[in-house]
Amino acid sequence: MSDEAGTDPTALDRTAGDAAVTSAAATDAPTGPEAADEPDTRPLDELLDDLYHGQERISQADIYRRAVAAGLPAALLTRIAALPEGEYAVDEAADQLGGTVA
C-alpha cells in the first residue's frame, strides 16, 4: 500500500540532505574573488600600534614610510598611499585604512 502514497522515502532523505549541504555552504566564509578583495589587516593593526606608541598624530607620509619598511602587503600600501596628506590620530588612521586599532 505504500506505493499508493506515491513518494519514495529515500528520495526525500536525499533532497533534505542536499538542502542541508547547500545551506551550510552558504554560511561559510567567502571564497573566490570576493575573499581576495579584503587583505588581512593584522599587519596594519600591529604597525599602527607600534607607530602611535607615545604619539598622538602621525603624518600620512610617515605612516607610509613605516609601512614600506615593515613590508606590508601591496594592498595595504595602496590604502595608505590613498590617504590624503595630513596628520592622523590612531583612530582616524584605522578608520580610513580599515584597521581595527582604536
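## Helix pair α5 and α6

A helix crossing is left-handed if the near helix is turned anticlockwise from the far one by less than a right angle. In this predicted model, the crossing of α5 and α6 is left-handed.

Helix α5 covers residues 60–70, and helix α6 covers residues 74–82. Their axes lie 9 Å apart, at an angle of about 165°. Angles over 145 degrees count as roughly antiparallel, so α5 is roughly antiparallel to α6. On the α5 side, the contacts involve Q60, I63, Y64, A67 and V68. Their partners in α6 are L77, I80 and A81.

## Strand β1 and S59

Strand β1 spans residues 57–59 and includes S59. The relative accessibility of S59 is 18%. Buried means under 20%, so S59 counts as buried.

The side chain of S59 reaches the backbone nitrogen of D62 at a distance of 3.1 Å. Leaving aside residues up to four places away in sequence, S59 touches G86 and E87.

## Whole protein

The protein has 7 helices and 2 strands. Along the sequence, these elements follow the pattern α-α-α-α-β-α-α-β-α.

The protein has 102 residues, of which 25% count as buried. Take the contacts between residues at least 6 apart in sequence: 60% of them join residues at least 24 apart.

Methods
Residues are numbered from 1 along each chain as its sequence is written. This is a predicted model: local features need pLDDT of at least 70, side-chain atom pairs count only at pLDDT 80 or more; totals for chains, interfaces and linings use all residues. Side-chain values use heavy atoms; hydrogens and water are left out. Helices (H or I, at least four residues) and strands (E, at least two) are DSSP runs, numbered from the N terminus. Buried means under 20% relative accessible area, exposed over 50%, partly exposed in between (1.4 Å probe, protein chains only). Contact means heavy atoms within 4.5 Å. A polar contact is a pair of N or O atoms within 3.5 Å; within protein, one must be able to donate a hydrogen and the other to accept it, and residues adjacent in sequence count only if both atoms are side-chain atoms. Axes are lines fitted to C-alpha atoms, for helices over the stretch in contact, and angles run from 0 to 180 degrees between N-to-C directions. Angles under 35 degrees count as roughly parallel, over 145 as roughly antiparallel, 65 to 115 as roughly perpendicular and the rest as oblique.
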